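Biologist: Please examine the structure shown here and discuss its pockets and one of its sheets.

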Amino acid sequence: MSYVSYISTLSIPACAPQINGSFLEEQIPGFRTTSVDNRQSWRVSLTEIGSDLLDGSIYRRRKDNNKEVTVNFNITTDSKATFNSSWNRLRWLLSKESSKFIFNDEPKFYMIGNVTDISGKSLDGSGSGVVSSDGSYTIHFSDPYKYAVAETEVSLSNGVFTTVNAGMYPSKPRFEITCTSSLAGITLIDASRNIILIGDMSLASGAAQSKFQKNDVIKINTADCSIIVGTTPNPGYGDIANQWEAFKIQNGNNSIKCTWTAGSTATAKMFYREVYR
């Protein structure tokens, strides 16, 4: 068995990241993640106000900074041609924008990032037929948070979505509302009384002007402010005063109210991902 074949029999390292659904160890023969730097690091920036009349400064707020993680690896091949081909494939796999990274030892969470740097050095095996390289690549996470792979699903009960968000940070929910009659308007209110209004709540059930009809599925996503009916985006259905940015599921106990036009009927579900750092 060649050394390259032997490497392929090894289990994927615990620190290795899955990238867009697959590990580099599965995509490039002889590739092996060796270590990861700065993955558990965390940096914040503080905003303060100084004054010549006061010692020190006055604290105003803190901001979680973006994050950079360095992945170290080794590529071992049995020829220079294969070596070059492996590096070409590596650069291609790491060139995708806004990739999803899931580390092997933490499969329940993902992060979204972009690779900003790839470096390596070729090490010829002195006539052994083995060409090897140690290298590294850097992932820049503009969004420093990690998100649960599995969404939490909550059904509407008596006009309220009740949930306990176990994450460390607030989450941006999405909603799916299935009309079982014509429906003119929908109102969503979070625990902080931020409001999202879709359609026209002033119309009576069954009114000719009703925007939504029986069997319509209305998808509302607070993360990107989108409103989709079936498969058709309908951004104009949202009220201009909607509090999209502020609307959140806070960590801890939450009661999100959901109502629709009087006399109309529908079923509704809420989905969100827990957020951690």
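Predicted model: local features only at pLDDT ≥ 70, side-chain atom pairs only at ≥ 80, totals over all residues.

Biologist: Which strand supplies the largest share of the lining of the largest pocket?

Modeller: The largest pocket has a volume of about 630 Å³, and 24 residues line it, with Y147, P170, S171, K172 and K248 closest to its centre. Its lining comprises 11 nonpolar, 3 polar and 10 charged residues. Two strands, β5 (57–64) and β20 (266–272), each supply at least two residues of that lining. The largest share, 4 residues, comes from β5.

Biologist: How many charged residues belong to the lining of the second largest pocket?

Modeller: The second largest pocket holds about 180 Å³ of space. It is lined by 16 residues, and those closest to its centre are R39, K67, E106, M111 and K146. Strands β7 (99–103) and β8 (109–124) each supply at least two residues of this lining. By class, the lining divides into 9 nonpolar residues, 2 polar residues and, as the number requested, 5 charged residues.

Biologist: Which are the edge strands of the open sheet of 4 strands?

Modeller: The strand order is β12-β19-β14-β15, with antiparallel pairing. An edge strand here pairs on one side only, which identifies β12 (160–165) and β15 (195–199).

Biologist: Which residue in β19 stands opposite T187?

Modeller: Strand β14 (residues 185–189) pairs with strand β19 (residues 252–260) in the antiparallel sense over 4 bridges. Opposite T187, the residue in β19 is T259.

Methods. Residues numbered from 1 in each chain as written. Heavy atoms only, no water. 1 Å grid on protein atoms, 1.4 Å probe; cavity = no way out; pocket = protein on both sides within 12 Å on 5 of 7 lines; lining within 4 Å. Points joined across faces, edges and corners; volume = space filled by probe spheres on them. Nonpolar A, V, L, I, M, F, W, Y, C, P; charged D, E, K, R; others polar. Pairing = 2+ DSSP bridges.
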